[in-house]
Amino acid sequence: MLSELTLTLKQSLRRQMTLDVSPPLAAGPFNRTLFRKSIPILAARFPGTKLGSVRKSVPMRSAVIDLPRIRSVIPDPADPSGDRLVLLNVSSEVDLPSETVEFLKTESNGLVPYTLELDYDYWTADDIIQAILPEALRERSPVGFAITGHIAHVNLKDEYLPYKHQIGQIFLDKNPQIRTVVNKLDTIDNQFRFFKMELLAGDPEYVAEHHEADCRFTFDFTQVYWNSRLHTEHERLVQIFNPEDVVADVFAGVGPFAVPAAKKGCAVLANDLNPQSAKYLAVNVENNRVADVVRVSCEDGRAFIQAAVNRVLAEPFPAYSGPRKSKTQENKERRKQRALGSQTTVDTNVLLPPRNKISHFVMNLPDSAITFLDAFRGILSHRDRQEIEKIYTTMPMIHCHCFTREIEPELARADILQRVEEKIGHPVPDDFSLYLVRSVAPNKEMYCISFRLPARVAYE
Ligand SMILES: C[S@@+](CC[C@H](N)C(=O)[O-])C[C@H]1O[C@@H](n2cnc3c(N)ncnc32)[C@H](O)[C@@H]1O
């Protein structure tokens, strides 16, 4: 009875045995050739006709090798046109469960030794990083990176800095879409919000081309702000805009709100004080073929807010003329029109008035956007009140991003409202909305407060 129990236990232990396919530890200078491992295993020979039933058979299920990126059935190197080799996850027959041994005896053409050769290409970036780090650092190794265009950026903790170039090289080797790996340094340019960074591996080429919301963005990642984590926030606000709206983006960056909004049909005043942002913003407007509806400026946000209303009144945008067409669509229609004769052209612009009223202000500078809100006081007060009231039948919406240290939603709400009201000098209308954009740090949240500018503030 006891020996039976010991036997079953031994068998089940054997069944759990797996091959050690971890990479060899390779501390010291980085050398790809150190990552080689030859693992002796057994392979069972089967005629090709039997492979279907072998795969389905219960005794073989636990015995066939099951490793990522390794094929379990291969041609026999000694006889490529003959039997197939089914690779087993044991190096010795005694490690096979008895029912598998029985099955192999009756169904296979015998067992042969086989050597599984693993090298640098086999292991994942994480496997290799683990292998180059000292044991104490392995548990929380830095596996994550974000990608902007061809640039991967990591944020390495101090203890990993001695290995930073190796880590960079491994990321580069393992991700064909990456050409440059940088480490974001803790210092952030305080005014223009871009990160200082150091090159870890690859080309020192920092002008990236990044795609978001069907738009192509080009920018120098060392000189402007870009955060791919904000893409859902960009999408969320653009979705709120109507295609006929005029949007004023006070802190536009390189255009992740402005360009998709314009593609949707909106007319946009897009502003950024960083000359490099304004430069790439203009490039992106051009590249995405929305130059007819986007006006780029490079001014302080406060001056921009105060001038925006008058600018659009003095020089209205062309009327909304229906959904924007792709280049292919446009060419197709032009060809069709040419075939039909030019008299069939319908100018949709004549049906709608030019756009002279701003419907939305976007203010994504969470660190300090609230402090710019006093600039809205009196933005409609410079003109004939009756004339302006006819145009501004509804007040513009303000979407103002901000940080708060209050984690509790109720406290965050109270904190943000108090700071906004202090700046506009008026209660925020009851129908405002507050949206949690993301948690930036354990005790720091990013919100967007959206509210209609109170008329009393606009005419103040
Ligand atoms: C957090 S980024 C947001 C950029 C973009 N809207 C986005 O979502 O990626 C803030 C932007 O405000 C610009 N900025 C900073 N201070 C400014 C100011 N006083 N006036 C106008 N733009 C400013 C920065 O250059 C930066 O591009």
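## Ligand contacts

A polar contact is a pair of N or O atoms within 3.5 Å. In this predicted model, a backbone N or O atom of G301 lies 2.8 Å from a nitrogen atom of the ligand, which means that the pair falls within the 3.5 Å limit. An N or O atom in the D272 side chain is 2.6 Å from a ligand oxygen, and for the side chain of N364 the distance from an N or O atom to a ligand oxygen is 2.8 Å. The ligand taken alone exposes 590 Å², of which the protein buries 97%.

## Ligand shell

The ligand has 21 residues around it, and those that come nearest are F251, D272, D300, G301 and N364. Sorted by class, the shell consists of 10 nonpolar, 8 polar and 3 charged residues.

An open sheet is built from 4 strands in the order 2-3-1-4, with antiparallel pairing. Its edges are strand 2 (73-76) and strand 4 (111-119), each of which pairs on one side only. On average, neighbouring strands of the sheet are turned by 45 degrees against each other, direction ignored.

Strands of a sheet pair through backbone hydrogen bonds, either parallel or antiparallel. Here, strand 1 (residues 36-46) and strand 3 (residues 79-87) run antiparallel and are joined by 4 bridges. R45 has L85 in strand 3 as its bridge partner.

Note on methods: Residues numbered from 1 in each chain as written. Predicted model: local features only at pLDDT ≥ 70, side-chain atom pairs only at ≥ 80, totals over all residues. Heavy atoms only, no water. Pairing = 2+ DSSP bridges. Helix = DSSP H or I, 4+ residues; strand = E, 2+ residues; numbered from the N terminus. Axes fitted to C-alpha atoms, helices over the stretch in contact; angles between N-to-C directions. Near = heavy atom within 4 Å. Polar contact = N/O pair within 3.5 Å; in protein donor to acceptor, adjacent residues only side chain to side chain. Areas by Shrake-Rupley, 256 points an atom, 1.4 Å probe, with all protein chains shown as cover. Nonpolar A, V, L, I, M, F, W, Y, C, P; charged D, E, K, R; others polar.
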